[in-house]
Amino acid sequence: MALREADHAGSWYSDNGPQLAQQLDQWLSKPSSDLPLPGARVVISPHAGYAYSGPAAGYAYKALDLSQAKRIFILHPSHHHHLSTAALPVVQGYLTPLSSEPLPLDLDLLSQLSSVTAMTSQNRQFRFTTMSKEVDEAEHSCEMQLPYLHRLLQKLYPEQPASSYPPLVPIMIGGTSPATEKALGQILAPYIADSTNVFVISSDFCHWGSRFGYTYYVPNAPSPAVDPDSLPNGLTNPSSDGPLHAQTSISKGISLRSSKDVSNGGPQIHDSIAHVDRACMCAIATGSHDAFLSILQGTGNTVCGRHPIGVFLAGVEELEKSAETEAAAEDLKRRFRFMRYERSSDVKSVRDSSVSYVSAFAVL
């Protein structure tokens, strides 16, 4: 059996099973004990090394309802492999340090998806490709979700072997065009509608700094930044609480070349980063694929999982075209609710850098 090795264990996270389990349990214990909400079948989770994003990811996974799961989709980006469509794995299982038994893949569904074709609005044919074992192992954005999923399944099915767990459906989504995202969303829409399917969307948010080629700065961003505990569609501050959560557009910014470009009395760079990230969260929280594309185009925000997020939003929009679901429910059903926002550091100089981490869920 061809298995995907835990290639980043020992560097990005612990390769010691008991130690890793203890870390995950600790992070999962931090969020509210009222979670998950029933039917919370999709999360957005970060994928940096656990020293940076492990605690934030705990909020996403504490919110994930696996109680009815029969299958788990992982939609993740490609950081190293050039890809303009989407790719499926060729291995039969994924290993983690938590067990010698691999997490199973849904080989039947993966085989079905490999033969699916769809036409984009530009009359181009879309079909899945495959990623080699080497490409799969080199990509960290899927792997960083696996220990959390494995740990939750261990706790949910303590007496069962890993082979009996709900199988995974990993999909690597490349630099897709808006039309391709909509076509892929149409393919996934029936699976999103199925209450036994769970989705994990792997994404970090803003990568700021010259090393990322992104130094965007909004001179009139609020400073200090808006309270990070007051997030779009949040559990304690839902979208109806005020206009901050509806802020899907912001004033034009500039690319900083020097810290001297930050005017006296202007916002700190990290406040501007939070402002841009919030606008992206707000756009996602509306459920509008086009609103998300618009804010990305306007700010250039380096959300590395923008294409997986876009595909999922397009899939939900496809569902809501039907008469039964065309109106968005007042209880925020099918709308992402943001729980946690963190950054690796607070940027104060153009020489600094940071990566942002977000955790969110939606009840489908």
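This is a predicted model: local features need pLDDT of at least 70, side-chain atom pairs count only at pLDDT 80 or more; totals for chains, interfaces and linings use all residues.

User: Okay. Which residues of H7 and H10 meet?

Analyst: From H7, the residues include Glu181, Leu184, Leu188 and Ile192, and from H10 they include His307, Val311, Phe312 and Leu319. Sorted by type, the residues of this contact come out as ten nonpolar, five polar and four charged.

User: At what angle do H7 and H10 pack?

Analyst: Helix H7 covers residues 178-193 and helix H10 covers residues 306-319; they pack at about 65°, and their axes are 7 Å apart. The crossing is right-handed.

User: Now let's zoom out. How many helices and strands are in the chain?

Analyst: You'll find ten helices and 16 strands. The radius of gyration is 20 Å, close to the 21 Å that the globule rule gives for 364 residues, so the chain is as compact as a globular protein of that length. Buried residues make up 57% of the 364.

User: How do I read the side chains on a strand?

Analyst: Here's the general idea: in a regular strand, side chains alternate between the two faces of the sheet. Now try strand E16, residues 354-363. Ser354, Ser356, Val358, Ala360 and Ala362 point one way, while Val355, Tyr357, Ser359, Phe361 and Val363 point the other way.

User: Are those residues of E16 buried or exposed?

Analyst: All are buried. Buried here means under 20% relative accessible area. With ten of its ten residues buried, E16 is largely enclosed by the rest of the structure.

User: Which strands pair with E16? Let's start with E15.

Analyst: E15 (residues 337-343) pairs with E16 in the antiparallel sense over six bridges, and arginine 340 stands opposite serine 359. Strand E2 (residues 40-45) is antiparallel to E16 too, over four bridges; there, valine 43 has phenylalanine 361 as its bridge partner. Strand E12 (residues 207-208) is joined to E16 by two bridges, again antiparallel.

Definitions and conventions. Residues are numbered from 1 along each chain as its sequence is written. Side-chain values use heavy atoms; hydrogens and water are left out. Axes are lines fitted to C-alpha atoms, for helices over the stretch in contact, and angles run from 0 to 180 degrees between N-to-C directions. A crossing is left-handed if the near helix is turned anticlockwise from the far one by less than a right angle, and right-handed if clockwise. Contact means heavy atoms within 4.5 Å. Ala, Val, Leu, Ile, Met, Phe, Trp, Tyr, Cys and Pro count as nonpolar, Asp, Glu, Lys and Arg as charged, and the others, Gly among them, as polar. The radius of gyration is taken over C-alpha atoms; the globule rule is 2.2 Å times the number of residues to the power 0.38. Buried means under 20% relative accessible area, exposed over 50%, partly exposed in between (1.4 Å probe, protein chains only). Two strands pair if DSSP finds at least two bridges between them.
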